[in-house]
Amino acid sequence: MAVIAISRQVAALGDEIAAAVAKKTGYVFINRQTIEKRIVDLGFPAEKLKKYDERKPGFFASLAKDRDEYLDYLQTAVLEAAANQDCILIGRGAFIILEDLPNLVSLRFVAKDQIRRERLMKEFNWDEKQAQQRIAESDTNRLGFHKSFFNLDSEDPEHFHLVMNTGLLDEESASKIIVELCQQIITPEAEQQGKKKVNELLEAQHLVNALIFEHKLNISFLKAVIDDDKVVLQGVADSSALVEKAVAISSTIMPSRSVESAISVVQDFKAYP
């Protein structure tokens with residue numbers, strides 16, 4: 001099992017190349033609509049999706065509890081896809097959500113503004129000004145999305161195995177390079193280790209979801225990290241009693257693992273207005 005995660009600029013042929021790679025490999029292409037649907041199916045209100053989905057949240061949206069809920073559901077959807085099959089995921093920070101997987105191939109597609117403008121003008125029958133406005137809006141939103149939710153610069157090449165200029169490479173050439181790259185670096189050992197790791201990440205996310213959504217524990221930035229037979233809870237709470245409750249519930253949910261807390265207790269902490 002291997003997972004390909006793609007980050008791309010608008011009009012840099014991300015979907016087209018992903019579809020070509022899926023056709024060559026038999027991997028399942030998890031597109032934007034699939035992830036959006038799963039986020040909503042998990043419980044996030046569809047009418048609030050546009051505030052957060054691959055865009056920088058506005059000031060009040062960034063302070064709302066919905067913001068953390070969206071991230072929990074997004075991570076669940078991405079991890080579920082990666083755990084179930086050989087797949088290609090595009091956008092939504094998949095490359096950073098899955099960065100610890102030994103069987104991950106992370107890619108970024110870019111192109112010059114001039115080329116992206118020409119593609120948008122042809123696809124939508126726009127003039128040059130409209131196309132440039134779309135590029136500026138998309139680039140700003142995607143940078144803001146990754147900074148807000150993952151505190152990173154999505155244009156930084158150190159996060160990717162390969163950055164490809166799709167102004168110089170067509171879909172066929174790019175897809176062939178990606179297939180060969182996967183064959184070279186994804187070994188049977190990496191696949192086995194990746195399957196174990198993604199299952200641990202998904203189990204940890206399910207624990208977080210249970211504490212937040214089922215047990216209604218008001219712990220901000222809650223995260224669970226599984227390390228073999230131990231799980232460590234991280235986040236910020238306003239009382240030690242709340243932390244003790246989280247540990248007790250987690251021990252019930254995961255009886256085969258010891259549960260430790262690294263949750264910071266800050267008196268009178270209020271994450272949301």
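The buried residues of helix H2 (32-42) pack against strand S2 (28-30), helix H4 (65-84) and strand S3 (87-90). This is a predicted model, in which local features need pLDDT of at least 70 and side-chain atom pairs count only at pLDDT 80 or more, while totals for chains, interfaces and linings use all residues. Residues are numbered from 1 along each chain as its sequence is written, and side-chain values use heavy atoms, with hydrogens and water left out.

Helices (H or I, at least four residues) and strands (E, at least two) are DSSP runs, numbered from the N terminus. Buried denotes under 20% relative accessible area and exposed over 50%, with a 1.4 Å probe and protein chains only.

| Residues of H2 | State |
|---|---|
| Ile35, Glu36, Ile39 | buried (under 20%) |
| Gln33, Lys37 | exposed (over 50%) |

Ile35, Glu36 and Ile39 are the buried residues of H2. Viewed down the helix axis, the buried residues of H2 fall within an arc of 100 degrees (taken from the directions from the axis to the C-beta atoms), so they line one face of the helix. Gln33 and Lys37 lie on the other side.

At the start of H2, a side-chain oxygen of Asn31 comes to within 3.3 Å of the backbone nitrogen of Gln33. Just after the helix, Gly43 adopts a positive phi of about 140 degrees.

Glu54 belongs to the loop between H2 and helix H3 (59-63). Glu54 is buried, with a relative accessible area of 10%. Leaving aside residues up to four places away in sequence, Glu54 touches (heavy atoms within 4.5 Å) Arg8, Tyr70, Gly91, Arg92, Asn141, Arg142 and Phe145. The C-alpha atoms of Glu54 and Asn141 are 6.8 Å apart, although 87 residues separate the two along the chain.

Notes: A polar contact is a pair of N or O atoms within 3.5 Å; within protein, one must be able to donate a hydrogen and the other to accept it, and residues adjacent in sequence count only if both atoms are side-chain atoms.
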